[in-house]
Structure formats: C-alpha cells, structure tokens
Amino acid sequence: MALLGENGAGKSTLVKALAGLIEPDSGTIEVDGAPATLYPSGRSQAAGVAVVHQEYSSVPTMTVAENLVLGQSGVPSVWWPRALNSRARELLAQVGLEDVDPRTPVEHLTVAEMQLLEVARLLVRDARILIFDEPTAALTDREIDRVLAVIRRLVEDGRSVIYVTHRLAEVFRLTDRVTVFRNGRSLPPEPTGELDVDAVINRMLGRELEAMFPPRDTLVDEPLLAVEGLLAPGLVAPVGFTLRRGEILGLTGQLGSGAGTTVQALAGRLPQTAGRVVLKDEEISVRTHRASVDHGFGYCTADRKRDGIFANRAIRENLSSPWLDSIANRVGWVSRRGERERATDIAKRFAIDTERLESPVAALSGGNQQKVAVGKWLGTEPQVLLLEEPTRGVDVGARAEIYTSLRRLCASGLGIVVVSSDMPEVLGLCDTIATFYRGRLTSIAPHDQRSEEELAREVMHHDPSEAVP
Amino acid sequence: MSEASTAPPATARGGQDLPGPSADRREQLSTALVVGAVVVAVAVAVAVTPNFLSVDNVRAILRNAAIVGIVAVAMTPITLSGNFISLGTQQSAMAAMVIFIALVGTGWPPAAAIAVVLVALVAVGVIQGLVVAAGLNPVITTLAAGAIIFGVVADATDGQIVRVGEHAVSWGNSTIAGVPLEVLVFLLFTIAVGTFMTKSVSGRRMVLAGANRETAEVSGISFRRVTIGAFVIFSIGLAIAGVLSGAGFGEATIQSLSTLTIESLAAILVGGTAITGGYGSPWRSAGGAVLIAVISNVMVLNDFSTGGRLAVQGAVVVIVVVLLEWLRRRREVR
C-alpha cells in the first residue's frame, strides 16, 4: 500500500499516529480485525507495527551487530561478541546485507545499507506491519533497486508494508494499492494497476498538472560560460562544456559520478587542479568561493539544512545574507529599507509569501525553504546559478513553482547549471543534458535528443554487471 | 566522498508552512524575561532590605555591575558568532589593569597608557581570533591564552602588587552628574555594541555565522573575518574594563578581578544568548550583569556568607537558563 501526497498533506501525521507517537483525536484503528490502541508507542510496537524513519536511528560509532540489539528487550546485559555477530548475520541476510560484516561500525555503511539496517532492526522485534517513510529519498537509483528488492521479499514473507514516498516510479514498481493524501484528507485506496502517473499526480494536486515543467524558450547562441579542461579531486578526465545565456544545463549521474564535483569546483568549494573558466569572453579564476561569488556565481548545495538556510533566522535575513555589502551605507550599516525592498522583490519572483519575511525559515515547508535557499542569490544579480538537487525532498506543487522561477530567471539572461539525479527532472527542465560516470563527462546533448532510458543507460553504463537484480 | 550528498535530505517533515510569529518574537520574549527577572529581584530586594533603593546603594549596585557588564557585553559577539566563550577573560582584563597601572605609576600620561593597553589587548585578541578561525576550539584556545598571559604577568610583576603611587588618576572614581564614570561607560559601550550587532553589516554577519557556519560560508561570509572581528570587540571591552578598574583601585595584582570570567559568562547566559551562537543580544547580557549585581547586593546587605552568595548566584543562573530553554521549547512545539 502506498501513501502519497504533497508535503503537509497529512501522511506523516498518519504515520505518527500508527507509530503511537501522537494520540488520535477520534476514529478507530483495527489490527487483524480487532480494534487496537496504538498510543503510546509501546502499544504500537506490541501490536507489531514498526516504522522505518528517513532519519536513521542507528548509533554511527557502534558496530552493525551492536546496533541490531540496541533498544531491544531481553538482551542480556553482558554478551559474547561471537554469539551476537552470528545472530546479526542471520538478520542481515534477511534484508539483503549478507555481504556486510556485523563488526563494521555503522558510520562506514552507505546510506542504502544504513536504511536496510534499520529494517533489520525492526525484524528483530518481529514486526508484522512495516511502515516506510520515504526510505529512498537520499538514495541513488541503484541503491533504490536494492531497497525495493528487500521490501518485496518482506512482503512475500507475509508482512504488510505501508510505503510513504514522493517518488511515483516506486509506487508503480512496488505497491498493490495507492492512497493519496491531500490537505489532511485521504482519498479512498485504489489498486495501483488501475492508475497511471498522470492520474496519481491529478489526485495529489487535485487539479490537472498540465505543465509541471514550464515551456522552454528558444535559445540564442550566445555563450555565457565556457569551461575547458576542468579537473578537480574526483574527476578523472578533464570536463568541458559551454553554457549559453538563458540556458539550463543539466548534469546528471550517480553519487560520485563527478557531476556534483564539477559545480563544486566552479563554486570554489573544491580545489580546481586544472582548467580554464571563461565568463563572457573573459578568463576568470574561481579558485576560492569568494572569487566565485564575486564573479557572479550563485551556488546552492544539495543539503539545504546543512548549508542552505539559517533555520532560526528570519526569511528576510536569509535572503539578504549573500548581498549585505550591496545594501550597506558608507559606514557599513545595513539599509533596512534597501534590504526589505530587495527581499520582497526576490520573494515575489520565487513565490515566497511576502507577508512572512519576518518568520524563521524553519517554519516553512521543505519546498519553501528551498525557494529561500536558491532565491537568496538573486540579490547578488548573478550571471550563473549552480544548483545541486534543487528539488530534493520538495513536494510536487513547490517543484513546479521552482521550475517556473528558474525558467523565468533564464529569460532575464542568466545561465543555470543543475546537478540532479532525478531523470524526469533533468529531461523536463533542462535545455542541454550532460551525463557523468565515474569522474568523467561521458556525453552532452540537447534534451530533445535524449530519452529517459538512454540517460539511465549513460549514467550506469560500462558495467551492467553491477546492476542489482 | 567529495560528492554532494550522503546526508539525508532536509525535508520539512510533516511539513506544511507552520503559522507562527516572527523570528523577532523570540528575542522580545527573552528580553521580557530578563527585564522581568530584574524587576522581580528588585521588588524582593526592596521588601526584605531597608535602604535598598537609596541612591548610594543603587550606585553601588551599578558600579558592581559595570565592569562585569562591559566584559559580558564585549564577549557576546564571540558567543553570537558561534565561538562559544572566552575562558581567558580574567587574565586578559587583569593584564590590561596591570599594564595601565604600571605605566601610569611610572609617570606615563593616562591617555598614552590607555592607548598602549588597547593596542596590546587588541593584538592579543587578533592572534586568538586567527587561531580560532584556523579551526582550533575557542574554549581551549582562550584557556591557553589566559594561562600564557597570566604566566607572563606573574613573571613580570613577581607576584607583587603594582601601584600607581603618587600618579593616581584624577578621574578614577569620578562621577558625572552623579553617575559613576564606569556606569556611564558601561551604558555607552552597551549602546555601541548593541547597535553594531543589529545595524551593521559586520554585526549581522557575526550573528549569521553563529546561526549556521556552513550556510554562512556558502553565502560568501568569511568566518575568519567574523571571528577576528568578534575578538577585536571583546579585546576593546577587556581593555576598557581593565583601565576603569585600574583607575578606580589604583593598584592591581595577578589576583585582581578573579571572579570576572565566571561572572561575565553568567551574565551572558542569564541574558539568554545561545551558547552555540546565532541568537542573543548584548543588551540582555548587560541586563544579566545587572541582575546578578542586584542579587549579590541583596545578599551582602543581608549578611550572607561568601559561600552562600556564590551558591545562590549559581542557582539563579541555572534557574534562568532552564526557564529560557523551557520557553524556547514550548514555542517550538507549537
């Protein structure tokens, strides 16, 4: 059973109620046909309900085996590592982690392995109803395959799974039924087989989504940024491309492919070991982040909570953080009026509520936080925007708004480089698409010469042997 | 892995936009709390202590608050910018005091002595700022710097008392319109630092760097410049505190101002500045210093033992900090 819906539609609230973290105001829950009380969480666990959260609850410095027994009842207070490890191996095998040594510290696992370890921890408790809350949000395609395969196996063993996700493709690959949430209400469940992607999106939005992706403009062939022979740690072959005025260039590839490395080097966040960067016929140096910003590059990483926003500061202060100098008077004081005017202007262009400029960013939804993280660069009058995963963890509605805003920026003469592992996004949004594989730029072509299958092949190519069944 | 993202994405979990008051509301609440605490403390003091509100006693309280307050206000930018606190506070202020007295005592004009003290302290502060900005833990750095300064001064003075002798500074204990000099300086310094932090570009950057250092760097804010700036303000405050104490007492030893580190820290915490940075205000640190001085004064007038006074002061810090934290959580849950 899939649970779908935009951010704030009510999915997480339902999951919390099932996990016993919040008490339902009214209504009944039945387990195996009998009414059940799932609050507080102890009762929920006793009823066999278990939630795999997106944020991992493992202790990173402890070993895999130790984490498996953590928080379990009936564990002896002294144990023999050997017995522990062999028990751990059995559990790991059940979740497809037979190749992981139970003695490995959890911090050495990949994100996907950690996710599967979370599942193994729930199996220890003999959970019968597993709830997955966006398990694949941080995973690459291949890792997703792995997690989905394990989930399918759990279902075959007779367990029931509720699967919360933003990714529609997974819904069709995995689930039998779909329940869509919208504005705190759920629609009746429908068999997945009777739906297609458009139908699901329509149900989520409650309206036709004609254009999630805004139409492209005709590009004038005017080079804005030329990168030649760029090398940085993580790139094994020189990277070169040209970004035209008004163009959105997509760089796609799996984790570690070099797509992210390329923009990080251009943003001066990674040492650039070779190459020329030419902005409007003039060679520039972007070897430090400061230089990159001064030359009119705006940069937004994939992890907005870590380095994209000041969560507890007001939206206005977030927006003005990169361009404080330009609103300073002679003695170095912030011009409040200048700040407010420009912040309001940015907010309008990025569909951020201008009434809420004084609210802390933390109070916004993920989508709106992302708009702030990207939008703040508009105040520097940038020439080039470098964006990594600009819509990760962002709901469908806010995505469409972000795409539209980016396209509008292009119309005003900017160039945008987007790094994204989301194939439909790359295909729908970008004018030109470059693929990366293991530190090389492997192909670059206009979007209309690309298909999703071809792109998938490009980013995974060269070693089909590694593909997970 | 140099690639972007092994960390889980920053999804607004459960996440619609939350209705909610502005970010300023939290500031206002904390300010109200500090002011409220001072009012309550004064009310209690008036009830249990005769003559508490006499001009002489109020003046005494403010004089006690002034030196700690100046240092607390000066340290607030360090805390706000995410550099925690300085554990070398007493040693630096004491060094300023000793240098000032020693120079004046050997016949230097006070103005020149003040200039030397300022330059020396700012230099020491900039060095500490550079070390901290290079990635060393600020608590350890300032602790070590304090030990070095203490050692050097102890060696130079041989542990003896340094006196101004016949060159006593005329304005040492002066009052202007009935207000003691150090109280006036405390007020002006608080206004200056408070305004700087809220109105200037540099002050804003300090707060942002403390709120989220990574985001600040991606936004093009230099953590190094922010840190050095904060240490410069701190050093100026220490120099002022040292000079005022030196001018007032006319003598100093390495043991002078011995409770300054802990009291200025207490004032900052009571003022509700987040120890991790990004949130707080020099004004409230000043309020914290006054609060502590009031409580301390009441206890002195009521013949509390030294130990009892310290214990109560500690308890007050804990209570106010817990109260602030409780307020913050309550507001975040809603």
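Tutor: Two residues are in contact if their C-beta atoms, placed from the backbone, lie within 7 Å. This is a predicted model, in which local features need pLDDT of at least 70 and side-chain atom pairs count only at pLDDT 80 or more, while totals for chains, interfaces and linings use all residues. Residues are numbered from 1 along each chain as its sequence is written, and chains are lettered from A and ligands numbered from 1 in the order in which they are written.

Student: Which residues does Val71(B) touch?

Tutor: Leaving aside residues up to four places away in sequence, Val71(B) touches Thr89(B), Ala93(B), Gly237(B), Leu238(B), Ala241(B), Leu260(B) and Ser264(B).

Student: How many residues has the largest nonpolar core?

Tutor: A nonpolar core is a set of buried Ala, Val, Leu, Ile, Met, Phe, Trp, Tyr and Cys residues joined through C-beta atoms within 7 Å; a residue is buried if 20 or more other C-beta atoms lie within 10 Å of its own. Here the largest core has 212 residues, and those with the most contacts inside it include Ile131(A), Leu386(A) and Val71(B). Its largest share, 14 residues, comes from helix α2 (residues 55-80) of chain B, helices being DSSP runs (H or I) of at least four residues.

Student: Why does this core lie between domain 1 and domain 2 of chain A?

Tutor: Domain bounds come from an automatic or database assignment. Both domain 1 (2-205) and domain 2 (223-466) of chain A give residues to the core, so it lies between them.

Student: How does strand β18 of chain A run relative to β19(A)?

Tutor: Strands are DSSP runs (E) of at least two residues, and two of them pair if DSSP finds at least two bridges between them. Strand β18 (residues 432-437) is joined to β19(A) by 6 bridges, and the two run antiparallel. Thr432(A) stands opposite Pro446(A) in β19(A).

How values were computed:
Buried ≥ 20, exposed ≤ 12 C-beta atoms within 10 Å, placed from the backbone.
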